[in-house]
Amino acid sequence: MTISREDVEYVAALARLELTEPEIKEYTEQLNSILDYAAMLERLDTDDVIPTAHAVPLHNVMREDQVSPSINHDKALKNAPDGEEGFFRVPRISLT
Amino acid sequence: MMISQSVSELHELLVHKDVSSTELTKAYIKRIQIVDPELKAYLTVIKDPAMAQAAEIDRKIAHNQVLGDLEGIPMALKDNLCTEGVRTSCASKMLENFIPPYNATVTDRLQAAGTILLGKVNMDEFAMGSSTENSYFGKTRNPWDLERVPGGSSGGAAVAVAADEAAFALGSDTGGSVRQPAAFCGVVGLKPTYGAVSRYGLIAFASSLDQIGPLTKTVRDNALVMNAIAGYDPRDSTSVAYEKPDYTKFLVNDIKGLKIGIPREYFGEGIDPDVASGIRAGIQTLIDLGAEVSECSLPHTQYAIPAYYLIATAEASSNLARYDGVRYGYRGEAEDVLGMFRKTRAEGFGQEVKRRIMLGTYALSSGYYDAYYLKAQKVRTLIKQDFDKAFEKFDILLSPTAPTPAFRFGEKSSDPLTMYLSDITTVPINLAGIPAISIPAGFVKGMPIGMQLMGKAFNEGTLYRVAYTFEQNTQYHTLKPSLSGEVLARGSR
């Protein structure tokens, strides 16, 4: 077992996911089986290999700092679950 | 039947005023009304805007203006491509009511080309899956056999084209999501070189792997659509400023002397022997047409699946962090903001999406980053080098697009790893960033199979040349699924 139930709960907290009891069980089992499979990568010696983040080498794409049109306030708020007076409203930040 | 014709044939009909764009659009809408209740390729159909757009094109034709290649042609977009004012759901509860305030670059470009948007088509939620079974809105059926999956994640796009519910469609391909459904449904599907088509307005899954590509009835149609959508876009920082060719220039019926490599790893374990022999028959056709074919090796192929699933999920876990119930999308109710985030994501995402977010978050988490994510990126380098080496000797490489024909519903959905392994022939291409096309190459037990051609970066032209030559000398692309009278009757109720 690579991953314990506690690991799953910890990762769920990092990912901001509330998991049900059956989900915790299921993911513990499935992540273990996937990571066991992924363990085959250890067979490869990659000490001197440079990692590839992007297949096409592009670095620091710059542009002129020019003001251009962007979507307006109304449009930006149109899809908000709870928007009011030009703001996104959320529940209170802390319970204490 | 008009709706079963290729884009280039429809163009001729429009130019010669044999049919109007309005008639054409009406015919597709009618076809959707008849067959889609059963096939369920579409999530949204926009009849009135489509008809209005068609009327506009017709006015242009009436004034005898020169008609562009795609002008007046009705098409569909995968539901992860942003369309201003038209719901873009990603087949997720999270974005069930999301109406984008802007267009994706490809949407803009197709609009500028005068195409008619018929609607948005089904997919695996957030493009995560290989069967379209992960859609929040239900499964799409394969028109060749209604008990089988259409492939995924661009399943709706492939079905819409195969069942004549659109003249062409755009999908997205992160690990095979255009090519595999194209193969399963018997149509042509291209995954362009990474950076060739702008990703602006494509709802992100794994940003270093995602590419948008066309699904079409013929190779020529595919080149025509690429002419419209490809090319540099300053709004996508990974877009490449390359010299975009006229892709139709490569459509020549001649492959004499072309060097084709057959990577033996793509014919080995896990590949259905009937699929392998079907593709070998296709290779013989190419040899008869003058290609020089020999075997080669891409030795790190077996490591592509684990490397891909670590990289793709890591990027996904980061990209999908934006769905927090604040600015758009679904919101779960809770007392405080952290509880709201957790509820929103628990209730808004489906099982496969959560599983991948979990795997990706783990792979990126402190203490495991080097062992999983960094290791996978290094293996990605080795996989890319395999291709670089092969392309020193060959113009293109050739393989089956998928290890099997379309499988049955539920056959692989119970075990995620089994489903992941079905992507072995497509994911290495995304890791290497190179282009690949799937073309119809025969049938196994009545189901279509696809032949995959892989090329050097920005060498889509050579793929089109070989694909076109194969197509001109075979009949597979002319065969259509015959939807039974029962479907047509049920659909038209």
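1. At roughly what angle do the axes of helix H2 and helix H3 of chain B cross, and within what distance do they come? In this predicted model, the axes of H2(B), residues 21–39, and H3(B), residues 47–62, come within 8 Å and cross at roughly 155 degrees. Since angles over 145 degrees count as roughly antiparallel, H2(B) and H3(B) are therefore roughly antiparallel to each other, and their crossing is right-handed.

2. The contact between these helices is made on the H2(B) side by Ser21(B), Thr22(B), Thr25(B) and Ile29(B), while H3(B) brings Lys47(B), Ala50(B), Met51(B), Ala54(B), Ala55(B), Ile57(B) and Asp58(B).

3. Turning to chain B as a whole, the reader will find 16 helices and eleven strands, and its C-alpha atoms fill a box of roughly 65 × 60 × 45 Å along the principal axes. A compact globule of 493 residues would have a radius of gyration near 23 Å, and the 21 Å of chain B agrees with this.

4. Of the 493 residues of chain B, 60% count as buried. Among the contacts in chain B with a separation of 6 or more, 77% are accounted for by residues 24 or more positions apart.

5. The contact between the two chains takes 44 residues from chain A and 55 residues from chain B. On the side of chain A that touches chain B, the elements giving two or more residues are helix H1 (5–14) and helix H2 (21–38) of chain A, and H2(A) gives the most, with seven residues. The residues on that side of chain A divide into 30 nonpolar, seven polar and seven charged.

Notes
Residues are numbered from 1 along each chain as its sequence is written. Chains are lettered from A and ligands numbered from 1 in the order in which they are written. This is a predicted model: local features need pLDDT of at least 70, side-chain atom pairs count only at pLDDT 80 or more; totals for chains, interfaces and linings use all residues. Two residues are in contact if their C-beta atoms, placed from the backbone, lie within 7 Å. Helices (H or I, at least four residues) and strands (E, at least two) are DSSP runs, numbered from the N terminus. Ala, Val, Leu, Ile, Met, Phe, Trp, Tyr, Cys and Pro count as nonpolar, Asp, Glu, Lys and Arg as charged, and the others, Gly among them, as polar. The radius of gyration is taken over C-alpha atoms; the globule rule is 2.2 Å times the number of residues to the power 0.38. A residue is buried if 20 or more other C-beta atoms lie within 10 Å of its own, exposed if 12 or fewer, and partly exposed in between; C-beta atoms are placed from the backbone. Axes are lines fitted to C-alpha atoms, for helices over the stretch in contact, and angles run from 0 to 180 degrees between N-to-C directions. Angles under 35 degrees count as roughly parallel, over 145 as roughly antiparallel, 65 to 115 as roughly perpendicular and the rest as oblique. A crossing is left-handed if the near helix is turned anticlockwise from the far one by less than a right angle, and right-handed if clockwise.
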